[in-house]
Amino acid sequence: MVEYITGNNGIGKTRILAEAAAATALSSKGNVIFVDCSDKLNLTLPSSIRLINTSDYGINSSITLCGFLSGLCASDYDLTDVFIDSTNEIISNNKTNIYDFMEVVTKISNATGVNFHFSVCDVCERELLYQSVN
């Protein structure tokens with residue numbers, strides 16, 4: 001399953017994603033990972049959730065992010081959920097079509113059984129919008 005939350009900057013996507021990750025970690029029978037482009041949630045997330053800072057690994061495009069997510073799935077068979085915050089900042093390439101990116105991630109999810117949850121900044125969307133990719 002791949003789902004994402006969109007909305008304008010400062011609307012609360014990070015808080016909602018962090019709360020969802022914490023709730024998922026409580027009920028999950030496997031590992032939960034939170035991917036962000038900074039360490040700002042280091043003290044906020046429960047210790048059962050692994051926080052990964054993409055800048056530590058040189059991830060700066062949709063191709064490297066997809067490869068990184070595939071590697072996470074391949075290296076951890078107990079992985080159930082991956083939460084990715086600040087997707088636009090991580091990808092940072094305006095030529096990336098977010099729908100094409102989500103299609104590739106959906107294939108990874110279907111192949112591995114890992115659920116992916118994204119926050120995507122959309123300056124045109126004033127309210128929070130939840131979407132699921134099928």
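Tutor: The largest pocket holds about 200 Å³ of space. Of its 14 lining residues, Asn-9, Lys-13, Ser-86, Glu-89 and Cys-121 sit closest to the centre. This is a predicted model, where local features need pLDDT of at least 70 and side-chain atom pairs count only at pLDDT 80 or more, while totals for chains, interfaces and linings use all residues. Residues are numbered from 1 along each chain as its sequence is written, and side-chain values use heavy atoms, leaving out hydrogens and water.

A pocket here is an open set of points on a 1 Å grid over the protein atoms alone where a 1.4 Å probe fits, with protein on both sides within 12 Å along at least five of seven lines; lining residues have an atom within 4 Å of a point. The volume is the space filled by probe spheres set on the points.

Helix H1 (13-27), helix H3 (87-91) and S5 each give two or more residues to the lining, and H3 gives the most, with three. Helices are DSSP runs of H or I with at least four residues, strands runs of E with at least two. The lining splits into two nonpolar, eight polar and four charged residues.

Strands pair if DSSP finds at least two bridges between them. S5 pairs with S1 (residues 2-7) in the parallel sense over six bridges, with Glu-3 opposite His-117. S4 (residues 79-84) also runs parallel to S5, joined by four bridges; there, Asp-81 has Asn-115 as its bridge partner.

How values were computed
Ala, Val, Leu, Ile, Met, Phe, Trp, Tyr, Cys and Pro count as nonpolar, Asp, Glu, Lys and Arg as charged, and the others, Gly among them, as polar.
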